[in-house]
Amino acid sequence: MPSFDLVSDIDMGELKNAIDQAKREISTRYDFKGSDASVEYEKDKLVIEAANEYQVKASVDILRTKMIKRGIGVKALELNEISPTGNQRFKVEGVFKSGIDKEKGKKINKIIKESKMKVSSAYMDEKIRISGKKIDDLQEVFQMLRAHDDVGLDLQMENMKR
């Protein structure tokens, strides 16, 4: 019986490359000239700091663009609200989500069951194994889950077995 594992992982090497590219673009852009805008990433925590809210939002957009070009989904980045830091500067903090926790696993299983597709799913330690009789059904479930708004994760297919 065909099956695959549904996972939510981030390639850390590609993420560091995307952050480095974003830093380089921010340092060379004309509208950032004279402002010491920064993008810092340490231990799953991202901090973007700039002189005004516009520059913070533009920095986030630049980072998201670089993430997309590197094959990292933008749903993996969860940002807080923009807040003033003092000294007339603004910052936004965020984290990168990877792995499927039990709550999201239950929600994904419920979405699959409500879709009435002929597949079965089981949560297995930050993965969800989905199996069915036809590969086309599995691919259809995967596309449905990636497009679903309630999932809120960047999903990948792993270990496809025929």
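Reader: Which residues form a negative surface patch?

Author: First, a word on the source: this is a predicted model, where local features need pLDDT of at least 70, side-chain atom pairs count only at pLDDT 80 or more, and totals for chains, interfaces and linings use all residues. Residues are numbered from 1 along each chain as its sequence is written, and side-chain values use heavy atoms, with hydrogens and water left out. A patch is built from residues with over 30% relative accessible area and no salt bridge, and like charges are joined within 9 Å. Asp and Glu count as negative, and the place of a charge is taken as CG of Asp or CD of Glu. Here, Asp9, Asp101, Glu103, Asp125 and Glu126 form a negative surface patch.

Reader: How many salt bridges does the structure hold?

Author: Side chains of opposite charge can pair when their charged atoms come close. A salt bridge is counted when a side-chain nitrogen of Lys or Arg is within 4 Å of a carboxyl oxygen of Asp or Glu. The structure holds nine salt bridges. One of them joins the side chains of Lys66 and Glu25 (3.0 Å, N to O). Lys66 lies in helix α2 (residues 53–69) and Glu25 in helix α1 (residues 12–28), so this pair ties together parts that are 41 residues apart in sequence. Lys66 is buried at 13% relative accessible area, while Glu25 is partly exposed at 26%.

Reader: What does Arg89 meet in a salt bridge?

Author: The side chain of Arg89 meets that of Asp36 (2.9 Å, N to O). The pair links distant parts of the chain, with Arg89 in strand β6 (residues 89–96) and Asp36 in the loop between α1 and β2 (38–42), 53 residues apart. Arg89 is buried, at 15% relative accessible area, whereas Asp36 is exposed, at 55%.

Reader: Which residues are linked in a network of salt bridges?

Author: Asp36, Glu49 and Arg89 are linked in such a network.

Note on methods. Patches are made of residues with over 30% relative accessible area and no salt bridge: like charges are joined within 9 Å, nonpolar side chains (Val, Leu, Ile, Met, Phe, Trp, Tyr) within 5 Å. Accessible areas come from the Shrake-Rupley method with a 1.4 Å probe; for residues, only the protein chains shown count as cover. Helices (H or I, at least four residues) and strands (E, at least two) are DSSP runs, numbered from the N terminus. Buried means under 20% relative accessible area, exposed over 50%, partly exposed in between (1.4 Å probe, protein chains only).
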